[in-house]
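Dear colleague,

Please find the structure below.

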2 protein chains.
Amino acid sequence: MSRPGGSAPQRDTPVLTERGGVRKAAILEAALRVIGDKGLAGLSMRAIATEAGLPLGALGYYFKTKDDLILEAFELHTRREADRVLAAFAGVGSGDHADDVAEHLTAFIRHGLTEARTSLVAEYEFLIEATRRPDLARVSRAWRQALQIQVGHVASRLGSDDPETDAEILLSVVAGLEIDHLSTPLDPSTTQAIRTALRRTITRLGLRGDAERP
Amino acid sequence: MSRPGGSAPQRDTPVLTERGGVRKAAILEAALRVIGDKGLAGLSMRAIATEAGLPLGALGYYFKTKDDLILEAFELHTRREADRVLAAFAGVGSGDHADDVAEHLTAFIRHGLTEARTSLVAEYEFLIEATRRPDLARVSRAWRQALQIQVGHVASRLGSDDPETDAEILLSVVAGLEIDHLSTPLDPSTTQAIRTALRRTITRLGLRGDAERP
DNA sequence: GAATGAGTTGTACGTTCGTTCAAGTTCCGG
DNA sequence: CCGGAACTTGAACGAACGTACAACTCATTC
């Protein structure tokens, strides 16, 4: 509070007026793009600045260190992705058949492997890095837990007799399918294989909303 | 062949006598360890040299570039891991029940998340990097294909009516469970959750060797 | 219209990086 | 025991890195 002699403009956290907030957001978006297509190994402050179209010096004003920036980028990603998952499952109701649910999930994965590929790769970069950084691990755990609760509700709606386990299985299958097909361009036959796997999983788990409910 | 003036000792590939091979292997092992606990972002030639207990200059003799080294490390890892998977499934016979199979897989995952955690993290580092490097992508695809064939045979032995799809589902579930639990220390309740998910998956897929076979 | 503070930037610091290489040692066939 | 090939090494190169900061512009307030 009272630091008389200091002329240091650097605060712990910038005040973030409207004007500044736009720039901060642009930096985080740029960072997510760079992480997605060059990896955390290829992530440099200079690369972010170039991607965002800003001078290098600008980054130091909004983020104390590179690690802070990475953490905030991950938080932004999870917030955004949670919304997307929520929206994807909002349409899945108790009137749907197993195949409808499978189709929803197939579209979800297909989107991640094509239009949103950069974002998906960034996501896994974060998840792996979370193995080594407690701050990222906290975000990762919270996000994963929120996801499992959401999917658990959906499973429940679809007549699961063990929603928690089914949520774990579904989340794992989706994550596994994503990872396993990240190194390959997504051709139609691959999409079909993903659809088949999802249909079988959902059918065998007995997830269909048209079942009788108590 | 005939490069008269050149005194360059650097070949495309060193001849690798017994003497040299030991060192090369030590370098690759060191690289795998460093990738596992500092990530590809934290991987430097100096870090590898230190981990291997060798001078920095030694690395240049066996690997033309850092990227070459990473590729060979990945190849080594997939070779080793393929053997491990093969061994893990060698014990799964048509006499096993669904719970036996689940127990095998649970132990497999538990081992990866504890004793072999470094190796598992390195594996996912490679898989993500393969998104950006065609040479790594080739290795990744070949490995994944070999895995699927192996697991498909096992599924077949266990009475699957669609071994290929079941292999894809099983591999995805295992990969997903690994990733989802990498950021968390593996406590007993987590192990139990993994076991439950695997049991349910295998049971619902109808994978049990004691079923009648043609 | 001066003062205050947020926002902005070019530059420069010290460090670490991948790679190269001349000079050396060790090994082994002839 | 000699000659060449395999192997080893420490030092050095330019490039890229994260971070810090003095100097600057701009908007807002009194």
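A residue counts as buried under 20% relative accessible area, as exposed over 50%, and as partly exposed in between (1.4 Å probe, protein chains only). By this rule A:Lys24 is buried, at 12% relative accessibility.

The model is predicted, so local features need pLDDT of at least 70 and side-chain atom pairs pLDDT 80 or more, while totals for chains, interfaces and linings use all residues. Residues are numbered from 1 along each chain as written, chains are lettered from A and ligands numbered from 1 in the order written, and side-chain values use heavy atoms, without hydrogens and water.

Over all chains there are 33 salt bridges, each a side-chain nitrogen of Lys or Arg within 4 Å of a carboxyl oxygen of Asp or Glu. One of them joins A:Lys24 to A:Glu72, with the closest N and O atoms 3.2 Å apart. A:Lys24 belongs to helix 1 of chain A and A:Glu72 to helix 4 of chain A, so the bridge ties together parts 48 residues apart in sequence. Helices here are DSSP runs (H or I, at least four residues), numbered from the N terminus. A:Glu72 is partly exposed, at 25%.

Another bridge pairs B:Asp166 with A:Arg200 (2.5 Å, N to O). This pair crosses between chains, from helix 8 of chain B to helix 9 of chain A. B:Asp166 is buried, with a relative accessible area of 0%, and A:Arg200 is buried at 12%.

Within chain B, B:Glu103 forms a salt bridge with B:Arg195, at 2.3 Å between the closest N and O atoms.

Yours sincerely

Key
Helix = DSSP H or I, 4+ residues; strand = E, 2+ residues; numbered from the N terminus.
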